[in-house]
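Here is a short report on one protein chain. It runs from model confidence to overall build, then to single residues.

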Amino acid sequence: MKKLDFHLPFDKKSFVLYGSESDQSVLYYLELENGYYEAYVLKLLQRVVAPDFICLDIGANLGTISLALSYLAKKGKVYAFEPSTVNYNFLMRNIGENGIKNIEAIKLGVFDRNGAIQFHEVASGGGWSFIDANQVHSTDPANQIICVRLDDWVQKNPLNRLDLIKVDVEGSELEVLHGAQETLQRFDPDLVIEFNLDSMMNNFGKDPHDLYALLQQLYRNIYLIRRDDQVVKVADYETLLEMIKPFHGDLYCTNKNSWG
């Protein structure tokens with residue numbers, strides 16, 4: 001186990017973060033950036049998250065985004081979904097060690113169906129673990145996670161409001177949204193979502209254009225969160241592909257006419 005300091009890129013706020021010694025997906029980059037991780041996404045969240053927001057972190061991993069959201073939404077709440085036992089245990093420790101009271105960790109994956117689904121755990125990086133499309137119906141209990149449709153989870157856990165959803169699930173983002181149609185229509189939350197061509201095509205065999213087309217149906221405004229801290233409106237799919245070269249980017253989607 002490794003312990004590092006995780007710094008927000010604003011307000012001089014820091015957390016302690018625990019993870020595996022072998023982790024190359026979060027802790028490696030945290031060390032490389034002297035305690036900062038995806039600062040450009042966190043700066044976008046600082047602009048759009050109000051203190052009373054109710055947020056979902058789908059694919060919470062070790063909890064970096066959840067911790068940031070808990071700080072920004074001090075009077076609100078963060079529901080952090082993480083299906084991997086390894087990641088979930090670290091997530092729980094990171095919530096506890098930092099004395100966070102407004103994060104509820106949920107040991108579930110979010111998908112377009114309920115039940116046990118095959119999962120590919122990447123030992124060198126929990127942030128890269130993914131649902132394996134080629135073995136999604138496998139019955140091997142050693143490599144299964146329990147998943148839920150977001151619409152079904154919301155029905156059983158009634159929310160009065162939902163303001164923001166962050167989705168980073170290594171290729172199955174389209175399935176998450178397919179299982180959340182009622183929730184998205186009812187609450188119209190802002191969405192921060194990874195758009196990773198390699199993950200969608202290689203992990204799940206999906207055409208990334210299908211995800212973009214669905215986002216267009218759901219949101220009037222789609223922005224790319226650039227690593228230079230600029231937030232640029234996306235005009236069309238071809239423009240997005242050019243902007244995210246070589247293979248991925250993070251999008252902010254909203255139906256608000258103005259934001260930030």
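## Confidence

This is a predicted model. Mean pLDDT for the protein chain is 91. Of its residues, 91% reach 70 or more.

One stretch needs a separate word. Over residues 124-129, pLDDT stays under 50. For these residues the model has 24 contacts beyond four places in sequence.

## Overall build

The protein chain holds 10 helices and 14 strands. Its C-alpha trace spans about 45 × 45 × 40 Å along the principal axes. The radius of gyration is 17 Å. A compact globule of 260 residues would have a value near 18 Å, so the two agree.

Of the 260 residues, 55% count as buried. Consider contacts between residues at least 6 apart in sequence: 71% of them join residues at least 24 apart.

## Surface and charge

The accessible surface of the protein chain is about 11700 Å². Carbon and sulfur atoms account for 46% of that surface.

The chain carries 25 positive and 36 negative charges.

## Threonine 64

Threonine 64 sits in helix H3, which covers residues 64-72. Is threonine 64 buried or exposed? Its relative accessibility is 7%, and the cut-off for buried is under 20%, so threonine 64 counts as buried.

Which residues does threonine 64 contact, leaving aside neighbours within four places in sequence? They are Phe6, Leu17, Val26 and Tyr37.

## Backbone exceptions

Most residues other than glycine have a negative phi, and most peptide bonds are trans.

Glutamate 38 has a positive phi, near 50°, and is not a glycine. This residue lies in the loop between helix H1 (27-32) and helix H2 (39-48). Glutamate 38 has a relative accessible area of 23%, so it is partly exposed.

Asparagine 61 also is a residue other than glycine with a positive phi, about 55°. Its loop runs between strand E3 (54-58) and H3. Here the relative accessibility is 11%, so asparagine 61 counts as buried.

## The cis peptide bond

Where is proline 246 found? It is in the loop between helix H10 (237-243) and strand E14 (248-254). The peptide bond that joins lysine 245 to proline 246 is cis. Its omega is about 10°.

Note on methods:
Residues numbered from 1 in each chain as written. Predicted model: local features only at pLDDT ≥ 70, side-chain atom pairs only at ≥ 80, totals over all residues. Heavy atoms only, no water. Helix = DSSP H or I, 4+ residues; strand = E, 2+ residues; numbered from the N terminus. Rg over C-alpha atoms; globule rule 2.2 N^0.38 Å. Buried < 20%, exposed > 50% of the residue type's maximum accessible area, 1.4 Å probe, protein only. Contact = heavy atoms within 4.5 Å. Areas by Shrake-Rupley, 256 points an atom, 1.4 Å probe, with all protein chains shown as cover. Lys, Arg positive; Asp, Glu negative; His and termini not counted. Charge placed at Lys NZ, Arg CZ, Asp CG, Glu CD. pLDDT = per-residue confidence, 0-100.
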